[in-house]
Amino acid sequence: MFIVVTLLDKHIKEFLELYHNFRLVDSNRKHIATLQGTITIVDENNQIWSDYDIRIEISHAYPYTIPSIYEESKLIERDWEFHISKEGKCCLDIHHSMLLKRRKGISLINFYQNVIYPFFANHQYKVNEGSYANGEYKHFEKGIIQYYEEELDLTDRDYILKLIDSAILGTKYARNNTCTICGSPKFKKCCLPKINKLTLFGKDQLKTDYGIFASLSIN
Amino acid sequence: MSVFNPYLNVIKKAVQQDPKLRQRLFSAEQEDSAFDTSYIKALRNELPNSKSLNESVSLIKGMGAPVFGDLPELGNHPDFKHLRYTDETEDHWIISGFIDVKDSTKLFNRFTKATVALITEGIVQASIFAVNLCDGYVHRIQGDGLMVYFGGKNKDKTESVKNALKAFAMISYFVKNDLKDFFAANSVTEIFTRAGLDLGHNSQVRWLYSGSGKAGEVTTCSLHTSLAPKMQSNAVSNGIVVGQNMVNLMAIRKYFTEKRNPIWEYGDGRTYSQYDFNWDMYIMDNGLGVQDRYGNIVLTMGNSEPKQSLDKTYLAPIAKLNKPYFCL
Ligand SMILES: [Zn+2]
Ligand SMILES: [Zn+2]
């Protein structure tokens, strides 16, 4: 008999060797590995803030997947102000940023340390301080508009629509020709890098984004 | 805040004030006598005495730790001190423990002997604190190590085994984590403890007064008291090796890995095993510590300040990595 040890199995084993408070549970769900455990928020001065019981669900598409995180101790108020669903599913970050991570492939321990752990640390920050440490995205469409502005430095509705359109169509323009979008002499130096970046989000997300920007009234 | 901070702080000061460390960048090798180490005396007095020890205890009140008064005198276990100056004996179970601090000669290249001695003393004092905290009894202090007992009359044997494991785990934690973090920042890594623990049952331990006249002490004559230092010498850096009698009393065995060679052969084919004790797993499972973002263990004992007194500036760098969005 052959035992196939997948990358996910290997990374789960490494994770459980490092974090003693987690265990693999039988979730009776095909193609999903479920970890359950307690996350303790300890800051950089070894101050202990709080514990949360959480569940991590990882699809077998790993590493090209984003784990789902559920907060089970109900210490986070089930209110959209806290970026959590009634079932306790946590909204760790905006989809765009997650899509980029998924495309590159994640590593479980790294994802725990840099995405999951900071989410709960930030909840502690908010309940003790009144606001999140690094701001937050607005809800729904407004958050996506905010992402384009803050992370991609794009604010002009019509320009954004043209960029998204080119990214969806995947039109091949000559790199050294005049740009048909903004009119500058070399396409490769103005809009091409932006289009390439948008392409990474994938067509589904880009279509959603197009709809959001298209429905904005022309200012 | 860790229960060991008062010790760590003195060690930090000694290292920071060490004249050899300060001068080595500027001048050639110098004899220790060329340095003024008078500050060491003041620092020694800063090591917590039994009075501030009690302050640490009040800090951890309600956490299942026993409260103790002044440090008891050494050399005569209180439950057996009636044997003093007599030739009577008594058979009673006891756990014997040995722990010592190993520092490499590299430390002497870097610091004055006075500083190295103070570092060692700081660790030994922190160890005494942990042993007392966990209901143990310090029998003897040897410059860089301790001989201790856990258990006695009217004590539960299994509880005493757990207390011994807890105390030694805390000490190993202190040296491996708190202290090492600091030394690593000062590019010194060569300091560690090694420990051995073993339990002798009633039929295996004889208490007696050993020595002539008044120059003696109440001590144990037991194979298992003798095996403990042997196991100590088999421990890896920051390791704790425990005897089979201890492991037999523990319901959960996953913390113990049997060593390939037994520590004792009875001569009739029977052997007595020794085990490596996985103390960091033990600390986690028994709620004595938690793990930070990177999996480093942080002791919970004495680390329970009320939320409003926590300083958020240390939380912010981690929290800032997250920017939440509601998208469900
Ligand atoms: Zn352009
Ligand atoms: Zn979401």
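In this predicted model, the largest nonpolar core holds 69 residues, and the members that touch the most others are B:Phe4, B:Leu165, B:Phe168, B:Val242 and B:Phe277. Helix α7 of chain B, residues 157-185, gives the most to this core, contributing 14 residues. As background, nonpolar side chains in soluble globular proteins tend to be buried together.

**Nonpolar cores**

- Chain A is divided into domain 1, covering 7-129, and domain 2, covering 140-218.
- Where the two domains of chain A meet, domain 1 brings 8 residues to the contact and domain 2 brings 10 residues.
- The C-alpha centres of these two domains of chain A are 31 Å apart.
- About 780 Å² of area is buried between domain 1 and domain 2 of chain A, with carbon and sulfur atoms giving 74% of that area.
- What polar links cross this domain interface of chain A? The rule finds 2 residue pairs in polar contact, both at pLDDT 80 or more, and 0 salt bridges.

**Where chain B meets chain A**

- The contact between the chains draws on 32 residues from chain B and 51 residues from chain A.
- Together the two chains bury about 4,100 Å², and carbon and sulfur atoms give 63% of this area.
- Three residues to look for are B:Lys323, B:Tyr325 and B:Phe326, which supply 21% of the area that chain B buries against chain A, more than any other three residues.

**Polar links and elements at the chain interface**

- How many salt bridges are there between chain B and chain A? The count is 2 salt bridges.
- B:Lys312 forms a salt bridge with A:Glu129, and the closest N and O atoms of this pair are 3.8 Å apart.
- Between chain B and chain A there are also 16 residue pairs in polar contact, both residues being at pLDDT 80 or more.
- On the side of chain B that touches chain A, at least two residues each come from α10 (279-285), β13 (289-291), β14 (297-299) and α11 (316-319) of chain B.
- Helix α11 of chain B gives the most to that side, with 4 residues.

Technical notes: Residues are numbered from 1 along each chain as its sequence is written. Chains are lettered from A and ligands numbered from 1 in the order in which they are written. This is a predicted model: local features need pLDDT of at least 70, side-chain atom pairs count only at pLDDT 80 or more; totals for chains, interfaces and linings use all residues. Side-chain values use heavy atoms; hydrogens and water are left out. A nonpolar core is a set of buried Ala, Val, Leu, Ile, Met, Phe, Trp, Tyr and Cys residues joined through side-chain atoms within 4.5 Å. Buried means under 20% relative accessible area, exposed over 50%, partly exposed in between (1.4 Å probe, protein chains only). Domain bounds come from an automatic or database domain assignment. Contact means heavy atoms within 4.5 Å. Buried area is the accessible area (1.4 Å probe) that two parts lose on being put together, summed over both. A salt bridge is a side-chain nitrogen of Lys or Arg within 4 Å of a carboxyl oxygen of Asp or Glu. A polar contact is a pair of N or O atoms within 3.5 Å; within protein, one must be able to donate a hydrogen and the other to accept it, and residues adjacent in sequence count only if both atoms are side-chain atoms.
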